Amino acid sequence: MKETGIAIITGSGGLVGVESVNFFSQFFDKIIGIDNDSRGYFFGKGGSVAKNINNLVNNVDNYEHYQIDIRDKERIRRLFEKYGQNIKLIINAAAQPSHDWSGKFPLEDFEINALGTVILLEELRNKCPKAVFIQCSSSKVYGDALNNFEFEETNSRYELLKGHTYYDGFREDMFVDQSLHSPYGAGKLASDVMCQEYARYYGLNVGIFRPNCITGGPHSGVELHGFLSYLIKCTDTYNVFGYKGKQVRDNIHASDLVRAFYEFYLNPNKGEVYNLGGGRDNSCSVLEAIELVGTILGKKVNYKIIESPRVGDHIWWITDNSKFISHYPNWSINISLEEIITEINANAK
């Protein structure tokens, strides 16, 4: 059933943005997408989302696209002024998403991820304060201090010892201080805290989600961002950066994440922070991912392990989703890791 109103989705051409547009278009009169294909600038042709944007424009009847940089304060102001109180939902999925890129261009990264978010929050506060605002943050806000935990090395992965407080995954009580984040992680943390502040100080309906590896069919993975997508699409030697390829990630399909956004939209908890990921069932090391690709797709991946890890990279990340599920018991992970791999491969053809 459609609501009378408008949803604004930034980064609409990206993985989360595409899923958000397709999902929420069934509930709103109009979806406003904001995306200037910065990914093409960050990562080159392979990272461009121009194709995704064209698909949305051509196939989603109630979608309207604006090629705006979220740092463009005046154009953002005019857009919010145009629709005002009719705006019911804002999903901020726009970002510079790579911590490796941020190390080379820290100022530009911070402008996009932190300043751009505050520009949107100000428009929320001044033009549509009853709307729900969802911030797509990142597990990188926790930095690399978690690498100091005691890990057990197996043949294919590193693993936390059974009985460890975070064995079932990292909760929202993880510390963020005294840690190397990368400029990307620090900028996301700044925007994350500002979102919490706008919820508490101004009483706005803002929620913050901290996923780890978001993936799915439309993902435009490149070497230093979107490892599972890039692994499946890679036709050259796949470079594994550090930790013997035994670093662990959990993977959440973008549609599962977007369904969580919907649950929050229906019943917003102001200022809440949620870690959200694939959990243990959807976790794999890089070596295990390479093996899965071979088993599921019959594809041999040529790879090379490079001794030095990426700066600030996590040895192990599995998400504990229990806080979100306790608040929104109707939600669960629907798409398995095997299904994700099959879908990415189908979209790569």
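Predicted model: local features only at pLDDT ≥ 70, side-chain atom pairs only at ≥ 80, totals over all residues.
Let me begin with Ser20, which counts as buried because its relative accessibility is 0%, and the cut-off for buried is under 20%.

Ser20 lies in helix 1, residues 15-24. Leaving aside residues up to four places away in sequence, Ser20 touches Ile9, Ser25, Ile91, Val258 and Phe261. Two of these names, Val258 and Phe261, return in the next contact, as part of helix 9.

Now to the helix pair itself. Two packed helices are described by the angle between their axes and the distance between the axes. For helix 1 and helix 9, residues 254-266, the axes come within 9 Å and cross at roughly 55 degrees. The two helices are therefore oblique to each other, and their crossing is right-handed. On the helix 1 side, the contact is made by Leu15, Val16, Glu19, Ser20, Phe23 and Phe24. Helix 9 contributes Ala254, Ser255, Leu257, Val258, Arg259, Phe261 and Tyr262. By class, the residues of this contact divide into nine nonpolar, two polar and two charged.

Helix 4 passes helix 6 in a right-handed crossing. Lys73, Ile76, Arg77, Phe80 and Glu81 of helix 4 meet Ile119, Leu120, Glu123, Leu124 and Lys127 of helix 6. That contact has five nonpolar residues, five charged and no polar ones.

Note on methods
Residues numbered from 1 in each chain as written. Heavy atoms only, no water. Left-handed = near helix turned anticlockwise from the far one by under 90°. Helix = DSSP H or I, 4+ residues; strand = E, 2+ residues; numbered from the N terminus. Contact = heavy atoms within 4.5 Å. Nonpolar A, V, L, I, M, F, W, Y, C, P; charged D, E, K, R; others polar. Buried < 20%, exposed > 50% of the residue type's maximum accessible area, 1.4 Å probe, protein only. Axes fitted to C-alpha atoms, helices over the stretch in contact; angles between N-to-C directions. Parallel < 35°, antiparallel > 145°, perpendicular 65-115°, else oblique.
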